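Trainee: Can you walk me through the side-chain packing in this one? I'd like to go residue by residue.

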Amino acid sequence: MKEISAPYFRFENYVVDYIRYNYNHQAKLENKEIEVSFSLTVNVNVNEKEKKSTVTLKCNVFENAEENNFPFSLEISLTGYFSGSDNMEIDKFIELTKYNGTAILFPYLRSAISDITKAANINPLVLPVINVINLVKKQEKKENN
């Protein structure tokens, strides 16, 4: 009897594409709590024939630090690599890449930001958790308008 394997979605690896960190020496913080200001974009690329995909997360933290009196600015990009089985429907693979791929990659982004800020000898910054489905849907809505 031939064994039928279930479709799978696999996280292969990730890389940090780039990191740009700039300390704002002019910031006047006066020991007050600063609300975290960040933007996050998701870019998904799918090779339907090979069932391979990438998810790139680009994050800007404290953009325009000097103008906004933020302690630093940080821009970072990570790309995750994913694959799916040959017997997975392409629509399912695209959906898993968009939502699950983003959800899998986001903790690596959060960790990298914490590590960078810790290495910069400032209080480590931990981004808040996000609703990945809402993030992706909002971005798609913006792109379609």
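**Packing, rings and contacts**

Mentor: Ile 76 touches Val 16, Tyr 18, Ile 19, Leu 57, Lys 58, Cys 59, Leu 109, Ala 112, Ile 113 and Ile 116, leaving aside residues up to four places away in sequence. Contact means heavy atoms within 4.5 Å.

Trainee: What kind of model is this, and how are residues numbered?

Mentor: It is a predicted model, where local features need pLDDT of at least 70, side-chain atom pairs count only at pLDDT 80 or more, and totals for chains, interfaces and linings use all residues. Residues are numbered from 1 along each chain as its sequence is written, and side-chain values use heavy atoms, with hydrogens and water left out.

Trainee: Which residues touch the most other members in the largest nonpolar core?

Mentor: Leu 57, Cys 59, Val 61, Ile 76, Leu 109, Ile 113 and Leu 127, out of 27 residues in that core. A nonpolar core is a set of buried Ala, Val, Leu, Ile, Met, Phe, Trp, Tyr and Cys residues joined through side-chain atoms within 4.5 Å. Buried means under 20% relative accessible area, exposed over 50%, partly exposed in between (1.4 Å probe, protein chains only).

Trainee: Which element gives the most to this core?

Mentor: H2, with eight residues. Strand S2 (38–47), S3, S4 and H2 each supply at least two. Helices (H or I, at least four residues) and strands (E, at least two) are DSSP runs, numbered from the N terminus.

Trainee: Take Cys 59. Where is it, and is it buried or exposed?

Mentor: Cys 59 is in strand S3. It is buried, at 1% relative accessible area. Its contacts include Phe 38, Leu 74, Leu 109 and Leu 127. Leu 40 is 19 residues from Cys 59 in sequence, yet the C-alpha to C-alpha distance is 4.5 Å.

Trainee: Switching to Ser 53. What does its side chain make a polar contact with?

Mentor: The side chain of Thr 97, at 2.9 Å. A polar contact is a pair of N or O atoms within 3.5 Å; within protein, one must be able to donate a hydrogen and the other to accept it, and residues adjacent in sequence count only if both atoms are side-chain atoms. Ser 53 is in strand S3 and is buried, at 5%.

Trainee: Now rings. How many aromatic pairs are there?

Mentor: Eight. Rings of Phe, Tyr and Trp (its six-membered ring) pair if their centres lie within 6.5 Å; planes under 30 degrees apart count as stacked, over 60 as edge-to-face and the rest as tilted.

Trainee: Why is the pair of Tyr 14 and Tyr 108 tilted?

Mentor: The planes are at 40°, so the pair counts as tilted; the centres are 4.4 Å apart. Tyr 14 is in strand S1 (residues 9–23) and Tyr 108 in helix H2 (residues 90–119), 94 residues apart. Tyr 14 is partly exposed at 29%, and Tyr 108 is partly exposed at 32%.

Trainee: And what about Phe 62 and Phe 72?

Mentor: That pair is edge-to-face, 5.1 Å centre to centre with 80° between the planes. Phe 62 lies in the loop between strand S3 (52–61) and helix H1 (65–68), and Phe 72 in strand S4 (residues 72–84). Phe 62 is buried at 4%, and Phe 72 is buried at 4%.

Trainee: Which residue lies over the face of Tyr 8?

Mentor: Arg 10, at 4.4 Å from the ring centre. The charged end of Arg 20 sits over the ring of Tyr 18, 4.3 Å from its centre. The rule asks for NZ of Lys or CZ of Arg within 6 Å of the ring centre and within 35 degrees of the ring normal.
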